[in-house]
Each structure stands twice: as structure tokens, then as C-alpha cells.
Amino acid sequence: MKIEKRISLLLLVAVMLFSACNRAKKRKLTHLVDAFYGIQIRTSDSLLIVCKGSAIGTVNEYDKYKRIITYINGDCPECITKLREWDSFMNLNCKNQEVKLQIMVSSNNFYFFESACEQIHFIRPVVYDTNATFISMNNLNDEHLHTLLVDSKNRILLIGNPLNNKKLTDLYVRNFLNAK
């Protein structure tokens, strides 16, 4: 009987800790949304749009569109594989051509990144952040801030990755319907 009580007590403590962690995480996310909603992000001339290894423009060309900006580590194979999910997400949810996907890539080896993209047949243009300045320039150090929906004036409308959260997906889609 003592063992059963101990196990019950341990389970109760584990449940309490889990819910405390969830509350703390929700508070943190609420704080991030409050702090960053409506903030205008900045870009740099060093950010190049690249497709299949060739520069095709600068990031400023995206400025006239409402867009999802997602920042990935181009040295991470798992992150690169997730790019296919972005393709599916945009094809399924973004019928409106006024909403773009702006994938920002930081890498120590862009050749590796390009080869990996070729292997998974990912051919969308991406933005190379060769100096890794976008995150620091905009103080987006928290990983939750690595995916944003911004308007055509670069103001943050939504924070978070819709690939990881159905409710967030719904919010993104509602915003897509009201492009620009």
C-alpha cells in the first residue's frame, strides 16, 4: 500500500509540474505576442533572394506583399526537410497570390543547403542571410519568433509557426483572406 501511495503522490507531483510548465510557457508566449505585435521588422541590403543557387533579387522585393517569414538553419537536415511542409501549406492554404512565403536561411555551408534542397525537390526562392543579421537586427532571438506573418509595411501581424499548431494555421488562413 505504501508503494501505491508513493506512486500516486509522484503522479500528482508530475501533473502539477506539467501544468505549471504549460502555464509558464503560455505566459511567455503571451508576453512575446504583446511585445512584438505591430512592431516593424527591418531588413538589410545583404539579404539576397536566391533560387537554385543564383541570386535573383533583394529581399526588398517582398516588401509590397503580406508574407510569412520563416527563419531556418540551412545546416540542419531536419529543418531543410520541413521546407516540403511549407510547400504543401502554401499550396493548400494560400490561394491568394498577394501572400508570399519568405524563407530566410542562415548557413555556414550554402552549398550543402542547395544540394539538400535539390534532393527534396524544393525549388522555391529563399533569402540568404549570409551575415546572419536578420535575427539580431530585429531582436528575434527566441525560437518562437522565427516564424512571423507581416503586412506590406513589415509590421508583425502573427507570431508562431502554423505548421506546428492548428489554431495558428486557422489564424494565418483568416489573415490570408484579407491580403495586403
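Biologist: What volume does the second largest pocket have?
Modeller: Please bear in mind that this is a predicted model. The volume of the second largest pocket is about 240 Å³.

Biologist: How many residues line the second largest pocket, and which lie nearest its centre?
Modeller: The lining is made up of 16 residues. Nearest the centre are Lys52, Gly53, Glu114, Cys117 and Phe122.

Biologist: Which element gives the largest share of that lining?
Modeller: Helix 4 does, with 6 residues. At least two residues each come from strand 1 (47-51), helix 4 (110-119) and strand 5 (126-129).

Biologist: And how many lining residues are nonpolar, polar or charged?
Modeller: The lining of the second largest pocket has 9 nonpolar residues, 3 polar ones and 4 charged ones.

Biologist: Let us turn to helix 4. Which of its residues are buried?
Modeller: Phe110, Phe113, Ala116 and Cys117 are buried in helix 4. They sit on the same side of the helix, because they cover an arc of only 120° around its axis.

Biologist: Why would residues spaced like that point the same way?
Modeller: An α-helix has 3.6 residues a turn, so residues three or four places apart point the same way.

Biologist: Which residues are exposed on the other side of helix 4?
Modeller: Tyr111, Glu118 and Gln119 are exposed there.

Biologist: What do the buried residues of helix 4 pack against?
Modeller: Their partners are strand 3 (66-73), helix 2 (77-81), helix 3 (83-93), strand 4 and strand 5. Just after helix 4, His121 takes a positive phi of about 60°.

Biologist: Back to Cys117. How many disulfides does the structure hold?
Modeller: It holds 0 disulfides. For Cys117, the closest cysteine sulfur is in Cys51, and the two sulfurs are 9.8 Å apart, which is too far for a bond. A disulfide needs the sulfur atoms to be within 2.5 Å.

Biologist: Are Cys117 and Cys79 buried, exposed or partly exposed?
Modeller: Cys117 counts as buried because its relative accessibility is 6%. Cys79, at 26%, counts as partly exposed.

Biologist: One more topic: where does Ser106 lie?
Modeller: Ser106 belongs to strand 4 (residues 99-106). Ser106 is buried, with a relative accessible area of 18%, and the cut-off for buried is under 20%.

Biologist: Which residues does Ser106 touch, leaving out those up to four places away in sequence?
Modeller: Ser106 touches Tyr71, Ile72, Asn73, Gly74, Asp75, Asp129 and Ala132.

Notes
Residues are numbered from 1 along each chain as its sequence is written. This is a predicted model: local features need pLDDT of at least 70, side-chain atom pairs count only at pLDDT 80 or more; totals for chains, interfaces and linings use all residues. Side-chain values use heavy atoms; hydrogens and water are left out. Buried means under 20% relative accessible area, exposed over 50%, partly exposed in between (1.4 Å probe, protein chains only). Helices (H or I, at least four residues) and strands (E, at least two) are DSSP runs, numbered from the N terminus. Contact means heavy atoms within 4.5 Å. On a 1 Å grid over the protein atoms alone, a cavity is a set of points where a 1.4 Å probe fits but cannot get out, and a pocket is an open set with protein on both sides within 12 Å along at least five of seven lines; lining residues have an atom within 4 Å of a point. Grid points are joined across faces, edges and corners, and a volume is the space filled by probe spheres set on the points. Ala, Val, Leu, Ile, Met, Phe, Trp, Tyr, Cys and Pro count as nonpolar, Asp, Glu, Lys and Arg as charged, and the others, Gly among them, as polar. The arc is that of the directions from the helix axis to the C-beta atoms.
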